[in-house]
Each structure stands twice: as structure tokens, then as C-alpha cells.
Amino acid sequence: MERRTGSLNVNFHEIARELGVSAMTVYRVVNLDPAVKRETRERVTDALNRCGFFTHRRGKRFKVLFDFIDHPYLSHYGEKLLTNIQKLGFHCCRTSHRTARTDFLDTAAVSDVAVFLSVPDNAIIDEARRVNPDLYTVTLSTRSNADVTLSPDNTRGGELAARHLFRHRHRHIAIHLAERHPTRMERCKAFCGEMRFLAPECRLDFIHERKAEQTTPLLRHYFDTVDQLPDSILFLAGEFADTYRRELLEPEPERYGRIGVLTFDHPQDQRFAHLDYNFDCIGFRSQNLLEWAEYYITNRPMMKKRSPIHTSIEVRLVENGSIRMKS
């Protein structure tokens, strides 16, 4: 049992009187005494949680499953999170539901928490809950029906991007959308909604990249066939902006140099130092994401009813001069 940081002053005797149990029963629940009846333990736990306490099974049986996918961003931060959780004394294991579904479900059945670094769909989360109704689920980077979803504030980021381009009088904008990027639509919808509100006359060109397509040929085809070059191009993930820099902008600066570039999601971590494209970007502190994930894993509330939590990590605009004012 760990008390949540704050100024709350919880009195076990008052909770006992409220629930009609003895104070000793409350202390037994806190100390994970197995002799307390399940119904009583849940009532006491719910009351403690409401007052600022969080409970979890922190002993040898507490097991955290980390489900991975072959994705540089998610895998990198997933490894860091797994290491941090192990240092706190939790038993951790790794799976991949996409390549070994049976192994994933067998592990989920005996785990307390499942942390998805694998962009899960709702079906796999529901299946994991069927084999283990008490499984507590946490996912990074995308919306889902997990108990906790963590991601940058995509709505706020899209709005910041639109306001930035509007201030610089950009009214013709190309938007790169890659199917393999899980949160592209959240960011795109927020951007388009704000941009059309600010400048109803604006022109938005969508560059759809399917999973089987490559970024460079697709971008070249767009620029070769568009009737008028855009004022700027918005990339909804940093890796695609970096490809544009290496494959198009640097080899042909005379052609692409006047097009402004704005990108979302520039991870501030040495592992991604090669993404040094020096574009204006909507960024966030990766450490904030890791700290919130660690918090939810180690402070799991016990709930009778699932009430999903979506925590949005703060984003901010970083200006590096790639978006210039148009006359």
C-alpha cells in the first residue's frame, strides 16, 4: 500500500466507522492479510482509493507484462520503462502478441499488469481480459479501451501547428499521412479543424502513404504533379520529416528550399539524435511520458468497474526558423 503524494490526511478509524468494520480490518487490508473476505477487502480498498490511497499486489506475485512491436520509438522507450520497473523490484517479462499470440495470452493469464508498446487493437485487449479479468492494461501512443492510455496531447499539438502556420500566413499546406503511424488521424483532425476555423479559404493537400509504399517516391510524385507548390508541408511524425530532409531537401535545395516544414513529435532523447532536422516542431518531453507510465504501473487502483483513463502529455511549439512569414 502506498499513499499518494499530497496533503490528504486519511484516518483509518473514520473509514472503519463509515464502512461499519473495525479499524483492525482496515489495517489488515493495508497489509494484504489474506484472511479478510474478498467483499470486505474490495469495500475497504475502494474507500482508501477515494481518499488518496492506492493498493496493488506488490509482492512476489506482482508481475508486469511488456508487449512489444518492431517500432524504433515504442521499443526504445519500452525498454527504458521495463528497466525502471525492474529496478523497483517488480517481476517483468516481455511478449509480442503479433508474432506469438498464444505465448502472450498465457503470460497475460498470470500477470497483474500488461503494458502495450505494440499499438494494440481493442480485440486483443478484450481477449487478454477474458483470460484474466483482473489484468490491468496500460498502452502508449494511441487511443484504445485499455485502462490507461498515455500519449502526447495530439489535439493540442494539432491546434498549435495550425496557429503557427496561420500566423505566418501559410494558406496552402500539404499534410503527410502514413498508415503505419498510429496517431496520425488524431493530429490531422485537430490540425484541419483549427486551420479551417482560422482560415476557411485555406487549401489542404493530403499525401496518403500506405503501408506498402515508400516515403521518398510518394513525396516526389506529389511535388511533380501538384499544380502549385504548397507554402509548407506538415509531417505528423519526425521520422518522415527526416526522410524528406535527407532525400529531397538537401539534394535539391533550390527546388524545395522555399517550402516551409513543420513536424510533430520530435523525441528529445539521444537515441533519436540522428533526427536533427532543425525544423519547427511540436515536441514533448519523453521523460514525462515515462514517468506517467511508471506512476500508473506502480500505483494501480483497484476498481470494481473499469473507467478508462487517458493522460495527455504536454506539448509545445519549438521554432527553428523553417516556417517563414509569407508576404
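The following is a conversation about how terms are applied to this predicted model.

Biologist: What makes a feature of this model count?

Modeller: The model is predicted, so local features need pLDDT of at least 70 and side-chain atom pairs pLDDT 80 or more, while totals for chains, interfaces and linings use all residues. Residues are numbered from 1 along each chain as its sequence is written, and side-chain values use heavy atoms, with hydrogens and water left out.

Biologist: How many helices and strands does the protein have?

Modeller: There are 12 helices and 14 strands. Helices (H or I, at least four residues) and strands (E, at least two) are DSSP runs, numbered from the N terminus.

Biologist: Why is Asn 132 called buried?

Modeller: Buried means under 20% relative accessible area, exposed means over 50%, and partly exposed is in between (1.4 Å probe, protein chains only). Asn 132 has a relative accessible area of 8%, so Asn 132 is buried. The residue lies in the loop between helix H6 (122-131) and strand S6 (136-140). Contact means heavy atoms within 4.5 Å. Leaving aside neighbours within four places in sequence, Asn 132 is in contact with Ala 108, Ala 109, Val 110 and Ser 111.

Biologist: What makes Thr 99 count as exposed?

Modeller: Its relative accessibility is 71%, therefore Thr 99 counts as exposed. Thr 99 is in the loop between strand S4 (91-95) and H5.

Biologist: Why is Arg 169 called partly exposed?

Modeller: Arg 169 has a relative accessible area of 48%, so partly exposed is the class that applies. Arg 169 is found in the loop between helix H7 (154-167) and strand S8 (172-178). Its phi is near 65°, a positive value in a residue other than glycine.

Biologist: Why is H5 called oblique to H6?

Modeller: The axes of helix H5 (residues 101-109) and H6 come within 8 Å and cross at roughly 50°. That makes H5 oblique to H6. Angles under 35 degrees count as roughly parallel, over 145 as roughly antiparallel, 65 to 115 as roughly perpendicular, and the rest as oblique. Axes are lines fitted to C-alpha atoms, for helices over the stretch in contact, and angles run from 0 to 180 degrees between N-to-C directions.

Biologist: Which residues of H5 and H6 meet?

Modeller: Arg 101, Phe 104, Leu 105, Ala 108 and Ala 109 in H5 meet Ile 124, Glu 127, Ala 128 and Val 131 in H6. By class, this contact of H5 with H6 has 7 nonpolar, no polar and 2 charged residues. Ala, Val, Leu, Ile, Met, Phe, Trp, Tyr, Cys and Pro count as nonpolar, Asp, Glu, Lys and Arg as charged, and the others, Gly among them, as polar.

Biologist: What makes H4 oblique to H12?

Modeller: Helix H4 (residues 72-87) and helix H12 (residues 286-298) pack at an angle of about 50°, with axes 10 Å apart. H4 is therefore oblique to H12.

Biologist: Which residues have the most contacts inside the largest nonpolar core?

Modeller: They are Val 64, Phe 66, Val 115, Ile 175 and Phe 191, in a core of 47 residues. The largest share of this core, 6 residues, comes from H4. A nonpolar core is a set of buried Ala, Val, Leu, Ile, Met, Phe, Trp, Tyr and Cys residues joined through side-chain atoms within 4.5 Å.
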